[in-house]
Amino acid sequence: MPVVTTPYTPGTPCWVDLAAPDQQAAIDFYKDLLEWQGEKGPEEFGGYAVMMLDDKAVSGIMAAVPMDGNPPPPTTWTTYIATDDADAAAARVGANGGKVLFGPMTVGTVGRMFIAADPAGAVFGVWQKLDFFGAQIVNEPGAVIWNELNTSDIPGAKAFYQAALGIEIKLMEMPGAENMPEYYGLEVGGKPVGGAQSLANHPEGTPPHWAVYFAVDDVDSTVDAAVRAGGSVLVPPMDTPVGKMGALTDPQGGAFWLIKPQMPESS
């Protein structure tokens, strides 16, 4: 269902946010591109902006903050995975070869979270709801439709995400995609919650990462609009068995995908 009214099952991607050196420029770019609403939030929460689509929370944008005298971190979209106990999840992440990078910490009355890297180095967040469970609208134009792990170690990812967060990674078979590289599904309780693939499918030097896909009505026109606003094309729009898609970076270097989905044809 596009509108989400109940908490996400633990192990399910539930939120995405962007950290960018120029928060206001990022807010302006994505508001224009994806028709979001939103503005900088209270200073007590670092100005964190909750972006809205049709008056429902869809993502967050925050300022990338320099730490320990270093430059701000790279502009990055982060995928957050739901949990019912952030502290226990953090312990499992560490016990299974991952690394907790920040937290766990409580964010006002809205939730408890931490940021971690899996054993291959892909960074993700974990979110325990208090007053806020995550995205209130998904799978609609302008909203997140897919979260995807891109890793150098599929077997290692299978073991880590199952043990740490209860996510199973299984090979997917899609009609019409027989000539495409192997693709894996992320499952929680037998239901698909995202995807995974090997970095062998990517340009050499691509680091392990979680990718975010936003649904749009027209990939070509949205890519053109992003380029006019200072974005860059990483992967030109292309037709696939699951829809037309393309990858971009925003003007500050944050990478994301656009897709107009379609159901694969039955064989």
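Me: What order do the strands take in the open sheet of 8 strands?
Reply: This is a predicted model. In it, the order runs β9-β10-β11-β8-β12-β15-β14-β13, and the pairing is mixed.

Me: Which strands stand at the edges?
Reply: β9 (168-171) and β13 (232-240). Each has a single partner strand, so one side of each is left without a neighbour in the sheet.

Me: How many degrees are neighbouring strands turned against each other, on average?
Reply: 30 degrees, with direction ignored.

Me: Take β8 and β11. In which sense do they pair, parallel or antiparallel?
Reply: Parallel, over 4 bridges. β8 covers residues 144-151 and β11 covers residues 191-198.

Me: What stands opposite L149?
Reply: A196, in β11.

Me: Switching to aromatics. How many aromatic pairs does a search of the whole structure find?
Reply: 16. One of them is W15 with F132, an edge-to-face pair.

Me: Where do W15 and F132 lie?
Reply: W15 is in strand β1 (residues 13-20), and F132 is in the loop between β7 (123-129) and β8. So the pair ties together parts that are 117 residues apart in sequence.

Me: Are W15 and F132 buried or exposed?
Reply: W15 is buried, and F132 is too.

Me: And Y213 with W257, stacked or edge-to-face?
Reply: Stacked, at 5.2 Å centre to centre with 15 degrees between the planes. Y213 sits in strand β12 (residues 209-215) and W257 in strand β15 (residues 255-261), so that pair links parts 44 residues apart in sequence. Both Y213 and W257 are buried.

Me: Which residues form one aromatic cluster?
Reply: F29, Y30, W36, W77, F214 and F256.

Me: OK, helix α3. How many residues does α3 have?
Reply: 12, residues 154-165. From first C-alpha to last, α3 reaches 16 Å, close to the 16 Å expected at 1.5 Å a residue.

Me: Which residues of α3 are buried?
Reply: I154, A157, F160, Y161, A164 and L165. They cover an arc of only 120 degrees around the axis, which puts them on the same side of α3.

Me: Why would spaced-out residues point the same way?
Reply: An α-helix has 3.6 residues a turn, so residues three or four places apart point the same way.

Me: What's exposed on the other side of α3?
Reply: P155 and A159.

Me: And what happens at the start of α3?
Reply: A side-chain oxygen of D153 comes to within 2.8 Å of the backbone nitrogen of G156. Just after α3, G166 has a positive phi of about 75 degrees.

Notes: Residues are numbered from 1 along each chain as its sequence is written. This is a predicted model: local features need pLDDT of at least 70, side-chain atom pairs count only at pLDDT 80 or more; totals for chains, interfaces and linings use all residues. Side-chain values use heavy atoms; hydrogens and water are left out. Two strands pair if DSSP finds at least two bridges between them. Helices (H or I, at least four residues) and strands (E, at least two) are DSSP runs, numbered from the N terminus. Axes are lines fitted to C-alpha atoms, for helices over the stretch in contact, and angles run from 0 to 180 degrees between N-to-C directions. Rings of Phe, Tyr and Trp (its six-membered ring) pair if their centres lie within 6.5 Å; planes under 30 degrees apart count as stacked, over 60 as edge-to-face and the rest as tilted. Buried means under 20% relative accessible area, exposed over 50%, partly exposed in between (1.4 Å probe, protein chains only). The expected span of a helix is 1.5 Å times one less than its number of residues. The arc is that of the directions from the helix axis to the C-beta atoms. A polar contact is a pair of N or O atoms within 3.5 Å; within protein, one must be able to donate a hydrogen and the other to accept it, and residues adjacent in sequence count only if both atoms are side-chain atoms.
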